[in-house]
Amino acid sequence: MRLVITWLINALALLALPYIFPSIHVDSFVTALVAALVLGLINALIRPVLVLLTLPVTVLTLGLFLFVINALMFYFAAQLLEGLNVTGFVAALIGSLLYSLCGLVIDVALERIFERRG
């Protein structure tokens, strides 16, 4: 149940991104749901491989290269999906940062909610 709630709230966060940063456009809630699912799958399957392959660069930049990897994953998801548009790499970087911050807040809030219930 928690996974479904997290997915729905992440989709809402993705739907709110164009209001925060206008260089990102999401067509509808269904598009946001699919995009949240695709972003989750990309981050679960492709991102670890990229992090491992770019480990020397990540160490040299003291971890800042992870922001570039997150932006690439966000941009890649936008290229895969029809209703999610990102105008460029800088927009993908800012969008991935905002989406990650929203995801962090959502995870902390849900953790506290489910702790109280359990």
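## Largest pocket

The lining of the largest pocket comprises eleven nonpolar, eight polar and three charged residues. The classes are as follows: Ala, Val, Leu, Ile, Met, Phe, Trp, Tyr, Cys and Pro are nonpolar, Asp, Glu, Lys and Arg are charged, and the others, Gly among them, are polar. This is a predicted model, where local features need pLDDT of at least 70, side-chain atom pairs count only at pLDDT 80 or more, and totals for chains, interfaces and linings use all residues. Residues are numbered from 1 along each chain as its sequence is written, and side-chain values use heavy atoms, with hydrogens and water left out.

The volume of the largest pocket is about 550 Å³. Its lining counts 22 residues, and N10, A36, G40, N43 and Y99 lie nearest the centre. Helices α1 (2-20), α2 (29-45), α5 and α6 each give two or more residues to this lining. A pocket is an open set of points on a 1 Å grid over the protein atoms alone, where a 1.4 Å probe fits and protein lies on both sides within 12 Å along at least five of seven lines; lining residues have an atom within 4 Å of a point. Points are joined across faces, edges and corners, and the volume is the space filled by probe spheres set on them.

## Aromatic pair

There is one aromatic pair. F74 and Y99 form it, 6.3 Å centre to centre with 45 degrees between the planes, a tilted arrangement. The rule takes rings of Phe, Tyr and Trp (its six-membered ring) with centres within 6.5 Å; planes under 30 degrees apart are stacked, over 60 edge-to-face, the rest tilted. F74 sits in helix α5 (residues 65-80) and Y99 in helix α6 (residues 89-117), so the pair links distant parts of the chain, 25 residues apart. Helices are DSSP runs (H or I, at least four residues), strands likewise (E, at least two), numbered from the N terminus.

F74 is buried at 2% relative accessible area. Y99 is buried too, at 12%. The cut-offs are under 20% for buried, over 50% for exposed and in between for partly exposed (1.4 Å probe, protein chains only).

## Salt bridge

Side chains of opposite charge can pair when their charged atoms come close. Here the count is one salt bridge. It joins E111 and R2, with the closest N and O atoms 3.0 Å apart. E111 belongs to helix α6 and R2 to helix α1, so the pair ties together parts 109 residues apart in sequence. The criterion is a side-chain nitrogen of Lys or Arg within 4 Å of a carboxyl oxygen of Asp or Glu. E111 is partly exposed at 36% relative accessibility. R2 is partly exposed at 32%.

R47 lies in helix α3 (residues 47-53). Its relative accessibility is 23%, partly exposed. Beyond four places in sequence, R47 touches I42, L66, I69, N70 and M73; contact means heavy atoms within 4.5 Å. R47 and N70 are 23 residues apart in sequence, yet 7.9 Å apart in space, C-alpha to C-alpha.

T54 is in the loop between α3 and α4 (55-60). T54 is buried, at 17% relative accessibility. Not counting residues up to four places away, T54 touches F65 and I69.

## N85

Strand β2 (residues 84-86) holds N85. N85 is partly exposed, at 38% relative accessibility. Neighbours within four places aside, N85 is in contact with S23, I24 and H25. N85 and Y75 are ten residues apart in sequence and 8.7 Å apart in space, C-alpha to C-alpha.
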